Amino acid sequence: MENAHLRLGLLEYVRFTEKTSTRIRVRVDRYIGEDRQAHLLSVFGNDSDVGAITAAIHEKANFSITFPNGAEKEVSFGEHPSCYKGAVTLPGRKQPVRHLIAVSQHLHANGRTGQTILLRYRRDEAWATLVSFLGLPADPTWADYVLQTVERKNRISDIDGIGGEPVLISATTEEMLEWIGDGLRAQGLRFPTTSGPIQWYQFSLSEVLKPEIGRVTEK
């Protein structure tokens, strides 16, 4: 992809031993975090670098992350993160590139604590995610009405990201049910007129992960 390197970040970890210190740097293609709390990290590197980063994540170490715009921040995954490693074979390269994805405990419980993290904000995608994660009895056509309420109450916050425009939606199941009830009573929402299964929007992973020039909020 043209100029893909301009969208990459940099993760740096300094490992100290009794006599030496080692500086490890790997490229970041995806990142989501809130201030110093890292939630999602996707990096590429060689065997030893990825292995060292994996061990450091489990040891609750601090990392320095540099965003594509040059901003820097110190972050950590905290307690009980999960790491997933793989390999990517590239044409013309003898050894595969190692790939690591790290996920925080908070992101594993996405939505259960009244906070839902999304890779990007689109009302139809956000509504489908909230309904699934929060267990809401809802219809796809209610997306605009309910999410207008969420937006009006300032429950959507931009958070740190690389390779996307992640947001945090702060809303519990009880609050969402209350807003749905208000909409039904005000006749801003209506139940389906026919019985049968509800057809939800379909989103491909490649579409959601596509690099964006900028987020457009539908209001």
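## Basis of the description

Helices (H or I, at least four residues) and strands (E, at least two) are taken here as DSSP runs, numbered from the N terminus. The model is predicted, so that local features need pLDDT of at least 70 and side-chain atom pairs count only at pLDDT 80 or more, while totals for chains, interfaces and linings use all residues. Residues are numbered from 1 along each chain as its sequence is written, and side-chain values use heavy atoms, with hydrogens and water left out.

## The largest nonpolar core

The largest nonpolar core contains 23 residues, and those with the most contacts inside it are Leu-11, Tyr-31, Leu-41, Ile-53, Ile-57 and Phe-63. A nonpolar core is a set of buried Ala, Val, Leu, Ile, Met, Phe, Trp, Tyr and Cys residues joined through side-chain atoms within 4.5 Å, where buried means under 20% relative accessible area, exposed over 50% and partly exposed in between (1.4 Å probe, protein chains only). At least two residues of this core come from each of strand S1 (9-16), strand S2 (21-34), strand S3 (37-45), helix H1 (47-58), strand S4 (63-66) and strand S7 (97-103), and the largest share, 5 residues, is supplied by H1.

With its neighbours within four places in sequence left aside, Ile-57 is in contact (heavy atoms within 4.5 Å) with Leu-41, Phe-63, Phe-77, Pro-81, Cys-83, Leu-100 and Ala-102. A second, separate core of 21 residues includes Leu-118, Val-131, Val-146 and Val-150.

## Strand S3 and its partners

S3 is mostly covered, with 7 of its 9 residues buried. Two strands pair if DSSP finds at least two bridges between them; S2 and S3 run antiparallel and are joined by 7 bridges, and the bridge partner of Arg-27 is Phe-44 in S3. The hairpin of S2 and S3 has 2 residues between the strands, and in this hairpin Asp-35 takes a positive phi near 55°. S3 is also joined to S7 by 6 bridges, again with the strands running antiparallel, and Ser-42 has Ile-101 in S7 as its bridge partner.

## Helices H3 and H4

The axes of helix H3 (residues 123-134) and helix H4 (residues 143-152) come within 10 Å and cross at roughly 90°; axes are lines fitted to C-alpha atoms, for helices over the stretch in contact, and angles run from 0 to 180 degrees between N-to-C directions. H3 and H4 are therefore roughly perpendicular to each other, given that angles under 35 degrees count as roughly parallel, over 145 as roughly antiparallel, 65 to 115 as roughly perpendicular and the rest as oblique. On the H3 side the contact is made by Arg-123, Ala-126, Trp-127 and Leu-130, and on the H4 side by Ala-143, Asp-144, Val-146, Leu-147, Gln-148 and Glu-151.

Within H4, Ala-143, Val-146, Leu-147, Thr-149, Val-150 and Glu-151 are buried, and what covers the buried residues of this helix includes H3, strand S9 (156-158), strand S11 (167-170) and helix H5 (173-185). Just after H4, Asn-154 takes a positive phi of about 55°.

## The three-stranded sheet

An open sheet of 3 strands has the order S8-S11-S9 with antiparallel pairing, and its edge strands, strand S8 (115-118) and S9, each pair on one side only. Neighbouring strands of this sheet are turned against each other by 25° on average, direction ignored. S9 and S11 pair in the antiparallel sense over 3 bridges, with Asp-158 standing opposite Val-167 in S11. H3 lies across S8 and S11 and runs at about 140° to S8.
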